[in-house]
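These are my notebook entries on one protein chain. I record below what I looked up, entry by entry.

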Amino acid sequence: MLPRRPFAQTPAPPTGPERHGLSTFGDLKYPADFPHFDYVDPQAPKGGDFSQIGPTAAYNQSFQTFNSLNGYILKGDGAQGVDLIFDALMTRAFDEPDAVYGLVAKSVAVSEDGTLYRFRLRPEARFHDGSKLTSADVAFSLLMLKLKGHPIIAQNLRDMTSVTAEGEDAVVLRFAAKRARDVPLFAASLPIFSKAYYTAKPFDESSLDPPLGSGPYKIGRFEVGRYIAYERVPDYWGADLPVNRGTNNFDVVRFEYFRDREVGFEGFKARTYLFREEFTSRTWATQYDFPALKDGRVKQEITPDDNPSGAQGWFLNIRRPQFSDPRVREALSCAFDFEWTNKNLMFDAYKRTTSFFENSDLKAEGPPGPEELALIERIKGRLTPETLAELTGEPWSPPASDGSGQDRTLLRKAAALLREAGWTIKDGSLVNAKGQRFTIEFLDDEGSLERHTAPFIKNLKVLGIDASFRLVDPPQYQRRLNDFDFDATVRRFSVSTVPGESLRAFFGSRAARTPGSNNLSGIASPAVDTLIEEVIAAGSRDELRTACRVLDRVLRAGRYWVPQWYSGAHRIAYWDVFERPKAPAPRYDRAIPLTWWARGT
């Protein structure tokens with residue numbers, strides 16, 4: 001029997017006006033009667049195929065393989081693209097920072113205190129089997145995701161305190177008074193499952209049975225670990241809604257899987273798939289010279305990426321005793337020569353990442369201004385004296401090297417920091433007071449970054465550190481990350497343009513203890529927790545920026561990672577068989593394949 005008590009309340013009705021959309025601070029670009037988003041072509045034809053290697057992986061998804069069609073739980077490796085088969089209450093506008101507009105919900109009313117949201121559903125909403133999508137399905141879905149969904153989802157729904165179905169066509173969500181501002185938007189964007197479908201099936205089991213959806217696509221053919229295809233639903237109930245006009249134009253959207261990036265690139269050259277975002281600078285600089293590119297059958301483009309680039313680097317698991325001292329963590333940063341790596345391995349294609357909010361106005365730069373200083377003063381009781389002293393100047397950034405690959409000045413600094421932290425050289429090895437050797441294993445599930453890690457490991461060995469690189473298969477890699485069973489691993493975490501609840505999952509003390517969370521480093525800092533709440537409580541975008549910048553300063557002072565690099569652009573290549581809208585692409589998403597279509601259809 002499912003626990004129902006927290007969700008049995010009957011909330012008072014929201015008294016606010018009916019709205020057609022939501023945003024964190026209430027600013028919407030599109031009016032209630034908008035016909036379609038500006039970045040689409042509403043007359044785009046339907047037909048043809050689109051295929052790619054998926055560019056992003058969320059929750060339990062892997063870039064290298066899949067063995068489950070349940071992408072919203074901790075178990076298994078979920079298939080990419082499964083979100084295409086589900087609808088949500090509301091959906092994003094990609095030319096606004098965080099706005100969502102009605103999809104299954106035709107409107108929403110919000111109580112004056114912002115704790116109750118009543119969504120009125122469209123009566124025409126249907127699942128693929130023709131059954132009506134009702135408020136009971138919405139309530140069931142949000143309940144299951146909070147109770148049994150992936151820990152990242154459950155964390156983000158922590159402050160959703162109840163969900164109540166009112167008849168068939170309305171659902172009321174109650175939120176805690178001090179919840180993050182983005183939690184209602186997150187809840188409204190989650191997939192809606194069929195309650196009837198899961199009556200006889202456990203929700204939290206990994207499965208290859210195609211679930212019942214209501215979205216623009218349904219699951220077609222697939223081969224575990226190799227590819228999965230999604231087929232457009234010709235009678236999709238929501239095809240003519242303003243949020244959907246000009247989108248979902250391909251008859252088939254297919255995701256390909258390759259265990260090796262080089263093999264994947266060869267597959268693209270052979271037209272095994274049609275669209276590729278290139279993440280390897282060496283490949284982009286040296287291998288895009290094949291015949292199909294030279295004669296124009298394949299096109300290349302570099303497009304701007306205006307989203308925060310976030311944090312990419314080697315995240316150090318400070319649950320391990322050898323990484324508990326921030327001086328040790330800073331020493332490791334001194335051993336990584338980004339300048340040499342960028343020039344010799346990446347064709348100077350990248351910029352150095354220094355901030356957890358890189359490529360955005362949330363990044364801390366220079367000495368703190370008056371607003372930041374005022375916030376620092378308020379929280380100084382939660383800061384160590386060392387961190388407080390550091391916050392009055394420039395935020396910490398990883399040191400720039402001389403580009404030699406083995407900067408002796410930086411290595412001497414690293415050795416001094418290690419000595420201060422109690423580590424000494426004995427018989428050529430770095431040991432602590434108990435005689436235990438300093439070891440670090442870099443864990444990964446694919447080898448593309450091994451050549452970047454090798455020079456780093458070489459410098460660490462100069463310091464006496466027993467460093468190694470270990471490649472494991474994707475399921476084992478995910479299990480070890482879920483259990484925090486690693487020393488260091490590479491991840492890129494990107495926050496939204498208006499961060500909120502996700503910060504708790506990335507950096508909060510509770511997430512540090514939650515298996516499967518994004519807090520890989522294990523950050524558990526009262527000051528960080530306080531600043532996350534400051535971000536969440538921000539009453540304006542200016543207040544949000546101030547709180548994020550101070551949070552950035554404190555996180556950077558913690559030396560929780562060895563920062564890597566970012567681009568600030570998308571490098572894309574595609575076989576010349578597509579058309580796209582004439583309108584400019586949206587600022588906050590590629591919108592590919594969402595807004596493209598097949599030529600000749």
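I take helices (H or I, at least four residues) and strands (E, at least two) as DSSP runs, numbered from the N terminus. The model is predicted: local features need pLDDT of at least 70, side-chain atom pairs count only at pLDDT 80 or more, and totals for chains, interfaces and linings use all residues. Residues are numbered from 1 along each chain as its sequence is written, and side-chain values use heavy atoms, with hydrogens and water left out.

**Entry 1: confidence**

I looked up pLDDT, the predictor's confidence in each residue, from 0 to 100. The protein chain has a mean pLDDT of 94, and 97% of its residues reach 70 or more. Over residues 1-10 the pLDDT stays under 50, and for these the model has 14 contacts beyond four places in sequence; a contact means heavy atoms within 4.5 Å.

**Entry 2: Ser135**

I located Ser135 in helix 1 (residues 135-148). Is Ser135 buried or exposed? I find Ser135 buried, because its relative accessible area is 0%; buried means under 20% relative accessible area, exposed over 50%, and partly exposed in between (1.4 Å probe, protein chains only). Beyond four places in sequence, Ser135 touches residues including Leu121, Glu166 and Val171. Its side chain reaches the backbone oxygen of Ala170 at 3.4 Å. I use polar contact for a pair of N or O atoms within 3.5 Å; within protein, one must be able to donate a hydrogen and the other to accept it, and residues adjacent in sequence count only if both atoms are side-chain atoms.

**Entry 3: Glu394**

Glu394 lies in the loop between helix 10 (385-390) and helix 11 (408-420). Glu394 counts as exposed because its relative accessibility is 54%. Not counting residues up to four places away in sequence, Glu394 touches Gly366, Pro367 and Arg553. A polar atom of the Glu394 side chain lies 3.5 Å from the backbone nitrogen of Gly366. I also noted a C-alpha separation of 7.6 Å between Glu394 and Pro368, which are 26 residues apart along the chain.

**Entry 4: strands**

I count two strands as paired if DSSP finds at least two bridges between them. Strand 15 (residues 311-316) is mostly covered, with six of its six residues buried. Strand 15 pairs with strand 21 (residues 488-493) in the antiparallel sense over six bridges, and Gly313 has Arg491 as its bridge partner in strand 21. Three bridges join strand 15 to strand 22 (residues 561-563), again antiparallel; Phe315 stands opposite Trp561 there.

I then turned to an open sheet of three strands, which has the order 2-5-4 with antiparallel pairing. Its edge strands, strand 2 (21-22) and strand 4 (90-92), each pair on one side only. Two bridges join strand 2 to strand 5 (residues 100-102), and Leu22 has Val100 as its bridge partner in strand 5.

**Entry 5: aromatic rings**

Rings of Phe, Tyr and Trp (its six-membered ring) pair if their centres lie within 6.5 Å; planes under 30 degrees apart count as stacked, over 60 as edge-to-face and the rest as tilted. How many aromatic pairs does the structure hold? I find 53 aromatic pairs. One of them is Tyr574 with Trp596, edge-to-face at 5.3 Å centre to centre and 80° between the planes. The pair links distant parts of the chain, with Tyr574 in strand 24 (residues 569-575) and Trp596 in the loop between strand 25 (578-579) and strand 26 (597-598), 22 residues apart. Both Tyr574 and Trp596 are buried.
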